[in-house]
Amino acid sequence: MKKIKKRLYRVLAGAAAFVAALLVEHLVPFNSPSMENNVELILYLIAYFIIGGDVVKKAVSNIIRGQVFDEQFLMMLATVCAFFVGDYPEAVAVMLFYQVGELFQSYAVYNSRKSIKDLMNIRPDSANVIRNNEIMEVEPDEVKIDEIILVKPGEKVPLDGIIMEGTSSLDTSALTGESLPRDVETGDSVISGCININGNLKIRVTKEFGESTVNKILELVENASSRKAKTENFITRFARYYTPVVVILAVLLAFIPPVITGFMGETFSFSPEVFSDWLYRALTFLVISCPCALVISVPLSFFGGLGCASRKGVLIKGSNYLEIISDADTIVFDKTGTLTKGNFVVSEVRPEENFEGGKERLLSLAAHAEGFSSHPIAKSLADAYRMENGREIDTGIVSDVHEEPGHGVSVKEDGAEVLVGNDKLMKKAGISFRENDAYGTIVYVAVDGKYAGSIVISDEIKPDAKEAVKRLKERGIKNLIMLTGDGKKAGEKVGGELGLSKVFSQLLPQDKVARLEDIMKDAEGRVVYVGDGVNDAPVLAMADIGIAMGGLGSDAAIEAADIVIMNDEPGKIATVMDISQKTMIIARENIIFAIGVKILVLILGALGIASMWAAVFADVGVAFIAILNAMRTGSIKDRK
């Protein structure tokens, strides 16, 4: 912001000097024409160097380094030549309006970068590590894995870890774009970059700072601008060839017509008046030719799109990916952790009709039997029991625990022999049971040799997954496919509920790679893969665009992906596509508008119809309108 203010003050000072020169020229009487011309020249030169001194300095510096043909060179050449032909006001005006355009550009870039700069504020300054029962403030990269850190209210969580003591709420808005705080307690995992709101937390560090979430995000943001879209690269190449071409055309325009005119008589005669007229046209041609509208507005469009995405909790590793995803017609999903939550819950309790105690007792028996296990299924049963009864499991009522790997567990509970496990356990024990064909993992329960009922444990579909699929279909995505390692029944259940085009089940990681290769061969447009696990890393890297779930996703998946969704919501994919498509529309609008107006005014300038004043307004006006248009990418709203 300081640079913008400095440029503003220089523009204002230069404009004041320019106005003073104009007033002196028209209002102050002089004793002689030569004195008048000298005073005017000095005043205009003062205004010129106040306004455009940095442009001249940079142009000369670039020429010394061998970089001749750029917009600074064009500005210096056009204005210096204008001074030589006596068009002092036009020369200063060219620089003044150019600097006004640069001022608007700086302000536009500042606004576009602001969201990304805000994101950079997640970098922690220090960490409070507990060593020898003392709290020491150290740099985050000095903390080792398994050390305990203390995070006080108002502080940033400096490293990824697990809460060992304390409860609090975390502000994750800088990472996920979500305004609602996240409640955490002992045992919960936390990621660096969040802000602790209201409670002391003791956290056991699980990753060094270099591998932490906050550092990975900062690396993504810092490297994003180095990956340019094809449209941006086109503009860079265009300007590289365009500038020398227009300089050569301007030189030819200045000399060829006067020479041809000189040969039109019986003998060659060079007319200074004719040469001056064509030189003026050539200078006007140079002023009009400045490609600043293109050079500024197109990268600004993409930068605004990247900033808009980051504000919505989506990190895009480069503007090239923002361009590629606009051409996607196929999106391939992983299931667990991507379309589903990845945490298993009890979805159905189905007791036998003659079982005494019904659902409540069946759940209690299963939860207590699995009370000593750390298996996710056991945790799901314990959670369901806690929600149903408002208390924890009492493992004191359970004895003679015998676990059979791959089958289940047998225990003595309140004097009864209880079996809890899969269908293999029931068959092994010779118990006649009613097979449950529901979607999910089926836990069968038997009491004293009699079948008591079954409990269904399934992965929950994410709340916005169905709406996400609907929004993607509305945006023209033809193929919505799911690849999963789960069984066919589980895969088809989720695919049918969400309305996916195809589902491929029981796939190993190498099978996913082979299947994605087939999908990419058949696809007409670009193929996007969305995943979150370590086994998704190969397919994320292979797809045209890889999107990783960054909240709970593995480091390998986030590293391999091109786009990272920080709050794990599949609905953000449609948001990214909205931003991508709108960014591409705005960028193309700027290209067509800028080139079209340039060509028109260049022709008018060469024909002598457009004056240098018209050239100045045409150049700055086009740049100004293009910049305003580009700034729209910074405020793209989700299309429902």
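Good morning. I begin with a charged pair: the side chains of Glu392 and Arg386 meet in a salt bridge, with 2.7 Å from N to O. Please keep in mind that this is a predicted model. Is Glu392 buried or exposed? Its relative accessibility is 52%, so Glu392 counts as exposed. Arg386, with a relative accessible area of 33%, is partly exposed.

How many salt bridges does the structure hold? The structure holds 19. Let me present two further examples.

In one of them, Arg204 forms a salt bridge with Asp146, and the closest N and O atoms are 2.9 Å apart. Arg204 lies in strand 9, residues 201-205, whereas Asp146 lies in the loop between strand 2 (134-138) and strand 3 (148-151), so the pair ties together parts that are 58 residues apart in sequence. Arg204 is partly exposed, at 26% relative accessible area, and Asp146 is partly exposed as well, at 49%.

In the other example, Lys207 and Asp160 meet through their side chains at 3.8 Å, N to O. Here Lys207 sits in the loop between strand 9 and helix 6 (213-224), and Asp160 in the loop between strand 3 and strand 4 (161-165); the pair therefore ties together parts 47 residues apart in sequence. Lys207 is partly exposed, with a relative accessible area of 23%. Asp160, at 3% relative accessibility, counts as buried.

I turn now to the nonpolar interior. In soluble globular proteins, nonpolar side chains tend to be buried together. In this model, the largest nonpolar core has 44 residues, and those that touch the most other members are Phe18, Tyr44, Phe83, Val92, Met95 and Phe285. Several helices each supply at least two residues of this core, among them helix 1 (2-27), helix 2 (33-64), helix 4 (88-120) and helix 19. A second, separate core has 41 residues, including Ala309, Val314, Ile316 and Phe333.

Next come the aromatic rings. A pair of aromatic rings is described by the distance of the centres and the angle of the planes. The count for this model is nine aromatic pairs. Why is the pair of Tyr44 and Tyr88 called tilted? The ring centres are 6.0 Å apart and the planes stand at 45°, so the pair is tilted. Tyr44 is in helix 2 and Tyr88 in helix 4, 44 residues apart, and the pair links these distant parts of the chain. Both Tyr44 and Tyr88 are buried. Tyr44 and Tyr88 also belong to one aromatic cluster with Phe18, Tyr48, Phe49 and Phe83.

Which of its residues are buried? They are Ala465, Ala468, Val469, Arg471 and Leu472. These residues cover an arc of only 165° around the axis, which puts them on the same side of helix 14. In general, an α-helix has 3.6 residues a turn, so residues three or four places apart point the same way. The buried residues of helix 14 pack against strand 11 (328-334), strand 17 (450-461), strand 18 (479-483), helix 15 (488-498) and helix 19 (572-606). After helix 14 comes Gly476, whose phi is positive, near 90°. Thank you for your attention.

Note on methods. Residues numbered from 1 in each chain as written. Predicted model: local features only at pLDDT ≥ 70, side-chain atom pairs only at ≥ 80, totals over all residues. Heavy atoms only, no water. Buried < 20%, exposed > 50% of the residue type's maximum accessible area, 1.4 Å probe, protein only. Helix = DSSP H or I, 4+ residues; strand = E, 2+ residues; numbered from the N terminus. Arc of directions from axis to C-beta. Contact = heavy atoms within 4.5 Å. Core = buried A, V, L, I, M, F, W, Y, C linked by side-chain atoms within 4.5 Å. Phe/Tyr/Trp six-rings, centres within 6.5 Å; stacked < 30°, edge-to-face > 60°. Salt bridge = Lys/Arg side-chain N within 4 Å of Asp/Glu carboxyl O.
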